[in-house]
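Let's take a walk through a protein model together.

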Amino acid sequence: MTDAKAGCPEAGTDKPVFDRRLLPPMLLGSVLNPINSTIIAVALVPIGRALGAPASQTAWLVSALYLATSLGQPVVGRLIDVFGPRRLFLLSTGLVGVAGVVGALAPNLGVLIGARVLLGFGTCAGYPAAMALVRSEAERTGRDSPGGVLTALAVANQTVAVVGPLLGGLLIAVGGWRATFALNVPLALAAVLLGLLRLPKVKPAEEPTEEPTGGSTPRGSLAARLDLPGMGLFAAMLVSLLLFLMNLHLRDWYLLALAAAAGAAFAARELRAATPFIDLRVLGGNTPLLATYGRALVAYVVSYSFLYGFTQWTEEGFGLTPFHAGLAQIPMFLLAIGVSVVSGRSTSVRGKLLLGAVGQITACSVILVLGGDSPLWMLLLVALIFGVPQGLNNLALQNSVYFQADPERTASSAGLLRTFAYIGSMVASSATAASFGQHADTGGLHRLAWVMLGAGVLYLLLTLFDRTLGRAPGTGTRASA
């Protein structure tokens, strides 16, 4: 895959190593989504004040990005599996720059939500492309466990995820909330330039095959290889489900019915398709991967409830400025990076998942005793405790998918991991809106903390009773994480 950019052999050996020139575009592309996911956390209150919108409306700025990304990640991941990462990476990151301009100039909340949708689609390619490059380099070098590269990827995403609120506070202090959108323009330009210079030009994954007579016959039309009907049904199912989750109410029961109908049609289609968009037969038989997706969903209910709900409360319920609200999360930023770097030396994930679950439960329990008159050190303590699961969970989930997924579908499997994570984030967004209503007060924070605590306990149970986590990846079957 990287014929033009092969890494140099290690000293004293003939075995090639991972091409480090791929790391800058991989890392920058993969962090475009988390930076836009987190930087908005401290901008919601200033945007609401500037545009006269309550918290229930500005919550759409969160939901819009996750709706677009949840749909786009597995779709773009499948395109990357078929065509390689370069073209999809360049197209998507270019769209990020367009979205940054639209958001910086948006005259109202509706246009701003549209910019967040563009950002969602534009940031879809970075992470699946990075995972596909890791896989292709592992195959080229013969190193099936590129732990250092996977750790770098996780640490980069984790660093941006936790430093995002602080960066957002700085940008708002200097240039107002519009600066949080304008930031995407230079980031997109840098990503496109790095992609052009360093990403390998590759052929699509499926090429015509030679017939015995010497002629060639294609393995299928482009539409058949991409399974466009399957993608369409998947989109209908996911959009209906996420719209329902955005504002949980019985009056919207029809959305749940639409999701169920589209899901049934999607399953029927995928089980018949010669080259399915999501191979349900393989996925259904891969219990470890399904368990990983389930853990990702509930883990992100907790982490994003904290990111958005707790941050809004520190501003409205506790009285911090956006800058100081971001500053209060520095302990989580520092500890999460340290935990990721140290724990990344081990390929085992069970211990990481268990410790991450305990960290989530502990932090949620402390939130239940917070109030508007609590000392500042208690807020810092909560952020510090959350640094442990933030540093462990993302790394463990990412490594699990890498080793559990079908190698031919690495990018789409990575995209599905993000989809499940974003479904969790949508549940978190809905829970945050329902808990706070028009104002992020202490009572609403405590209601949200109970939701987070329930999700944290479920995450712990999903880990404790998963017998497939007994061995480290790479030591046995691919499914053993």
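## A loop residue and its contacts

Start with Ala 328: leaving out residues up to four places away in sequence, it touches Leu 320, Leu 380 and Ala 383. Before going on, keep in mind that this is a predicted model. Where does Ala 328 sit? You'll find Ala 328 in the loop between α15 (322-327) and α16 (330-343). Is Ala 328 buried or exposed? Its relative accessibility is 9%, so Ala 328 counts as buried, given that buried means under 20%. One of its contacts, Ala 383, is 55 residues away in sequence, yet the two C-alpha atoms are 7.4 Å apart in space.

## The whole chain

Now zoom out. The protein chain has 481 residues, and 58% of them count as buried. It holds 20 helices and two strands. What share of the contacts between residues at least 6 apart in sequence joins residues at least 24 apart? That share is 82%.

Leu 71 belongs to helix α3 (residues 55-83), while Leu 255 is part of helix α12 (residues 253-272). With a relative accessible area of 16%, Leu 71 is buried. Leu 255 has 11% relative accessibility, so it counts as buried too.

Which residues does Leu 71 touch, aside from its neighbours within four places in sequence? The list is Phe 121, Phe 234, Ala 235, Leu 238 and Val 239. Leu 255, again not counting residues up to four places away, is in contact with Ser 240, Leu 243 and Phe 244.

| Pair | Apart in sequence | C-alpha to C-alpha distance |
|---|---|---|
| Ala 328 and Ala 383 | 55 residues | 7.4 Å |
| Leu 255 and Leu 242 | 13 residues | 8.9 Å |
| Leu 71 and Gly 415 | 344 residues | 9.2 Å |

## How helices pack

Helix α6 (residues 126-141) packs against helix α19 (residues 410-436) at an angle of about 140°, and their axes are 8 Å apart. On the α6 side, the contact is made by Tyr 127, Pro 128, Met 131, Ala 132 and Arg 135. On the α19 side, the residues are Thr 410, Ala 411, Ala 414, Gly 415, Leu 417 and Arg 418. Sorted by class, the contact has seven nonpolar, two polar and two charged residues.

Then try another pair. Helix α14 (residues 287-316) and helix α18 (residues 376-404) pack at about 155°, with axes 10 Å apart. That angle makes α14 roughly antiparallel to α18. The crossing here is left-handed. How many residues of each class are in the contact of α14 with α18? There are 15 nonpolar, seven polar and one charged.

How values were computed. Residues are numbered from 1 along each chain as its sequence is written. This is a predicted model: local features need pLDDT of at least 70, side-chain atom pairs count only at pLDDT 80 or more; totals for chains, interfaces and linings use all residues. Side-chain values use heavy atoms; hydrogens and water are left out. Helices (H or I, at least four residues) and strands (E, at least two) are DSSP runs, numbered from the N terminus. Buried means under 20% relative accessible area, exposed over 50%, partly exposed in between (1.4 Å probe, protein chains only). Contact means heavy atoms within 4.5 Å. Axes are lines fitted to C-alpha atoms, for helices over the stretch in contact, and angles run from 0 to 180 degrees between N-to-C directions. Ala, Val, Leu, Ile, Met, Phe, Trp, Tyr, Cys and Pro count as nonpolar, Asp, Glu, Lys and Arg as charged, and the others, Gly among them, as polar. Angles under 35 degrees count as roughly parallel, over 145 as roughly antiparallel, 65 to 115 as roughly perpendicular and the rest as oblique. A crossing is left-handed if the near helix is turned anticlockwise from the far one by less than a right angle, and right-handed if clockwise.
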